[in-house]
Structure formats: structure tokens, C-alpha cells
Amino acid sequence: MQTYDAIVIGGGPGGSTAATYLARAGRKVLVLEKEKFPRFHVGESLLPYNQGIFAEMGVLPRLEEAGLIKKRGAQFHLGNGSKSLHLVFRNGCFNRFSEAFQVERSKFDHFLLDYAREMGAEVREETSVCKVTSDSAGVTVTAEDGNGAPVEYRALFLIDASGRGNVTGNQEGLREIHPHLKKMAVFGHFTGVRLDEGEKGGDTVIVRLENKWFWIIPLTAEKTSVGCVMDREECTAATEGPAELFGRIWRSSSVLQERMANAQLTGQIHVTSDFSYRNRRLVGQRLLRVGDAAGFMDPIFSAGVYLAMYSARLAARLVSESLQAGDDGARRMPAYERKLRHAMELYWELVEGYYTKPFMELFMNPHHRFDLPAAVTALLAGELDGGWKIRWRMRLFFLFVKIQSRFNLVPPVSFDSTPNGDHSSMARDPMAKECVGVENS
């Protein structure tokens with residue numbers, strides 16, 4: 001049996017990134033992917049800080065040449081049209097990257113996996129991992145090939161990038177589901193969705209209803225991804241089919257009515273569970289978990305692909321350093337776990353807050369003192385290494401959210417279909433474009 005320097009479970013963005021970094025460092029790496037690429041996948045909106053990883057991997061010029069839609073901002077709307085917020089990444093005071101790509105995941109993931117092959121990684125598709133065992137000398141992976149035949153592989157290190165399949169986390173019983181974020185996603189690809197003119201046409205558009213939210217993500221000039229995330233109970237209790245449920249909900253919002261008036265579904269409506277969870281441990285004996293195999297959170301802020309690639313880069317570096325030192329990596333793993341857990345918790349707190357009314361009231365009414373909206377914008381762009389200048393501002397922001405739950409620091413928002421008062425003409429802050437990266441109305 002061959003022994004690899006590293007085996008990577010999963011060929012999605014996290015797995016491909018880890019394999020690329022290792023292969024470019026001259027390591028012998030094997031990727032085991034259960035599906036045959038290309039395959040359909042959701043999660044099409046990337047963050048600006050993906051660009052730095054793309055540049056390090058050497059793929060940025062190819063992605064630029066592919067003519068992908070550029071995402072330079074994100075829009076948040078209340079479903080009744082009473083309030084909106086526009087984040088502009090290039091205007092954020094703390095941002096190092098100002099634009100991202102919108103991608104069709106079937107093509108994007110296939111491209112990254114092929115690039116890992118090109119860099120020297122061995123890739124075996126249609127190979128399902130059944131069991132992982134480790135000892136002081138390495139890791140053994142038992143799998144089945146595309147014909148159902150058992151196969152075994154051996155490596156010095158294992159990187160689990162199996163996504164929500166969570167292969168090693170489930171094997172060890174580590175998954176902890178968030179008690180209040182048990183969601184379902186109903187989504188599809190459409191033509192004829194109304195997008196904004198000019199640069200804003202590439203924005204991700206988020207529409208918040210009282211207890212659910214919609215995404216609108218432009219993929220090509222003709223195709224747009226539109227989805228709804230709702231409570232599991234509401235989805236499973238619905239008497240109509242997924243397409244009818246999806247249509248009924250978007251028709252309840254004046255903002256969505258205006259954008260979806262001429263929309264035509266291409267393909268089918270998909271339904272998937274969207275349960276947020278974390279694994280109790282992110283490392284093991286010669287094992288590191290990355291991306292959704294470390295933890296999955298509600299996709300409201302589009303951080304999934306970035307966290308997968310961010311953690312994959314950290315894991316690949318740890319493996320390379322351990323191979324260079326000739327040890328098992330155990331003394332480096334606590335630092336890896338702390339850094340990844342800190343990154344996940346930053347977004348986790350935002351996601352939890354997003355479903356509360358006080359958070360939405362502060363978020364949709366940004367106050368530019370202390371540059372708080374700039375810190376939020378930087379974090380939503382992917383700034384995970386901003387240090388204290390981001391951290392203290394986020395702590396102050398969440399302190400204001402707690403105060404807002406008892407006293408109105410800013411005007412309350414309404415999710416009613418006919419809200420009291422008309423806020424659509426609220427004055428724009430003249431400083432928004434110059435400094436903070438936020439426009440509100």
C-alpha cells in the first residue's frame with residue numbers, strides 16, 4: 001500500500017485548496033471525492049478576501065480571464081421595502097480587498113479540483129470514505145471505489161474537507177447542532193430576475209422577512225440564483241410542493257415581487273437541510289478538519305467558501321511544517337484549532353444576531369461614530385486577521401445590540417407587509433461612500 005504525505009477527504013473548495021497548497025510544496029497528496037465532478041452545489045457568492053487565497057494559489061489570473069461577475073457590494077432589504085442597506089467593500093476603512101466573484105459552483109468547484117490535479121495532486125472521484133483510523137505513525141482510510149470495491153489508503157496526515165458529510169466528525173460523534181438554527185433552504189436558478197443597473201448589478205441581494213430571508217445572487221448575465229432560508233418546522237408543515245411554497249413566500253414581499261415579476265425557473269427547485277452545527281473538536285491524531293467539516297453555519301453572510309479555503313490554507317501549512325520537522329504536528333494543532341474556532345465564532349455571532357430584531361435595527365441603521373459599520377463591513381468581506389481594531393469595535397457593536405433590546409438607540413424596524421410610516425426617503429449619510437462603505441435608506 002502506498003503511503004502519501006497527506007490524504008484529503010473531499011474535492012470541494014476546501015479540499016482542492018489544501019491539495020493545491022500541498023502539491024505546490026512538493027508533497028505527495030491524494031484527494032478522495034465521493035461524487036463525479038461537475039456536480040450541482042449551492043453557495044455561489046464569494047467574499048473579497050478569497051482573492052488573496054486565489055492569488056497565493058496561482059489561480060487568480062485564470063478566474064479573471066473567465067469573465068465571472070464581480071461582486072463589489074452587498075445589499076440588505078426589509079421585505080416590505082421600508083429599509084435598505086448597501087455595503088460597498090472598496091469604501092470600508094479596514095478592507096484590504098474590495099471585490100469578489102459570483103460563481104456557478106458546479107463549474108467553479110470543478111475548476112479548482114482540476115487545478116489541484118494540474119499542480120500534482122492525485123484525485124480519485126467516485127470514491128466514498130467509509131472509515132478512518134489513526135495511530136502514532138499515520139492514518140489509514142478505508143473507502144469504496146466507484147464499483148463498490150473496498151480500497152485502503154495510508155498517509156502521514158489526513159485533512160477532512162468532506163463538507164456537511166462531516167466524515168470524521170460523525171464517526172467520532174462530535175457534531176453539535178445549534179438549537180435555534182434548524183433551517184431549510186428552498187432554492188433554484190432563474191432567468192429574468194431584475195437586477196440593478198451598473199456596478200450594483202453584481203451585488204448579492206439579501207431580503208429579510210420576519211422569520212426568514214431570501215438571497216439573490218447573479219451568476220451570469222442571464223442566470224440568477226434565488227433561495228429562501230426558513231425554519232424547518234414551517235417548511236415541513238407546508239401542504240404545497242417546494243415550488244408552490246417558494247412562490248407563495250416571495251409573493252408576500254413587495255421587494256421580491258418587483259425583482260421576481262418576470263422570473264422563469266430553469267431546472268428544478270431544490271430543498272436541503274440547513275442546520276448550523278459545530279464539531280466539539282477540530283483536530284485529532286494526525287487529523288485536521290476544515291470548512292464545513294469543522295462546522296457549518298447559516299449562509300446569510302456568504303462565508304462558507306471563504307472559511308473552507310481559509311482553514312484549508314492553515315491546515316496545509318501545518319501539515320507541510322510537520323512533514324518538514326518530521327513530527328506528528330501535535331504541538332501545532334492547538335494553535336490551528338484556536339485560530340479556526342475564533343474565525344468561526346466571529347461569523348457565528350453575526351448569524352445568531354441576524355435573526356433578532358435588535359440586531360437588525362442596529363445593522364440597518366448604521367451609526368458612523370467609532371467606525372463601527374466599517375468594522376462590520378470588513379468582517380463581512382473576510383477580514384479575520386484585523387486584530388484589535390476590528391475586535392473592540394465588534395464588541396461595542398454587540399453591546400449596543402444588547403442595549404437596543406431594552407432601549408431604542410435607533411428607530412425600530414417593522415416586518416409588516418404595510419409598515420407604519422414611510423422610511424424610504426431617509427437621508428443618506430454623506431460620509432458613507434468616502435469612509436465606511438455603507439449606504440442606507
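Here are some questions and answers about a predicted model.

Q: How many disulfides does a search of the whole structure find?
A: Start with C228, whose closest cysteine sulfur is that of C235. The two sulfurs are 8.5 Å apart, which is too far for a bond, since a disulfide needs them within 2.5 Å. Searching the whole structure gives a disulfide count of zero.

Q: Is C235 buried or exposed?
A: The cut-off for buried is under 20% relative accessible area. C228, the cysteine with the nearest sulfur to that of C235, comes in at 0% and is buried. C235 has 12% relative accessibility, so C235 counts as buried.

Q: Which elements give two or more residues to the lining of the largest cavity?
A: The search turns up one cavity of 30 Å³ or more, and its volume is about 90 Å³. Its lining includes A74, F76, T204 and I206. The elements that supply two or more lining residues are β4 (73–78) and β13 (204–208).

Q: How many charged residues are in the lining of the largest cavity?
A: The lining includes L47, L87, F89, I300, F301 and L380, along with K71. Lys counts as charged and Leu, Ile and Phe as nonpolar. By class there are nine nonpolar and two polar residues, and the charged count is one.

Q: Where is N166 found, and what is its phi near?
A: N166 sits in the loop between β10 (150–160) and α5 (167–171). Its relative accessible area is 0%, so N166 is buried. N166 is a residue other than glycine with a positive phi, near 50°.

Q: Which element gives the largest share of the lining of the second largest pocket?
A: This pocket has a volume of about 300 Å³ and 18 lining residues, with L362, P366, H367, L372 and F400 nearest its centre. Elements that give two or more residues are β5 (84–88), α11 (357–364), α12 (372–381) and α13 (388–404). The largest share is four residues, and it comes from α12.

Q: How many nonpolar residues are in the lining of the second largest pocket?
A: The residues nearest the centre include L362, P366, L372 and F400. Leu, Pro and Phe count as nonpolar. Besides three polar residues and one charged residue, the nonpolar count is 14.

Q: How far apart in space are F407 and P358, C-alpha to C-alpha?
A: F407 is in the loop between α13 and α14 (432–436). F407 has a relative accessible area of 52%, so it is exposed, whereas P358 is among the buried residues of α11. The two are 49 residues apart in sequence, and in space the distance is 9.6 Å.

Q: Which residue's side chain makes a polar contact with the side chain of T140?
A: T140 lies in strand β9 (residues 138–144) and is buried, at 12% relative accessible area. Beyond four places in sequence, T140 touches K131, V132, T133, E152, Y153 and R154. The side-chain polar contact, at 2.7 Å, is with R154.

Q: How far apart in space are G291 and G14, C-alpha to C-alpha?
A: G291 is in the loop between β19 (287–289) and β20 (295–296), and it is buried at 10% relative accessible area. Setting aside neighbours within four places in sequence, G291 contacts L307, A308 and S311. G291 and G14 are 277 residues apart in sequence, but the distance in space is 6.1 Å.

Methods: Residues numbered from 1 in each chain as written. Predicted model: local features only at pLDDT ≥ 70, side-chain atom pairs only at ≥ 80, totals over all residues. Heavy atoms only, no water. Buried < 20%, exposed > 50% of the residue type's maximum accessible area, 1.4 Å probe, protein only. 1 Å grid on protein atoms, 1.4 Å probe; cavity = no way out; pocket = protein on both sides within 12 Å on 5 of 7 lines; lining within 4 Å. Points joined across faces, edges and corners; volume = space filled by probe spheres on them. Polar contact = N/O pair within 3.5 Å; in protein donor to acceptor, adjacent residues only side chain to side chain. Contact = heavy atoms within 4.5 Å.
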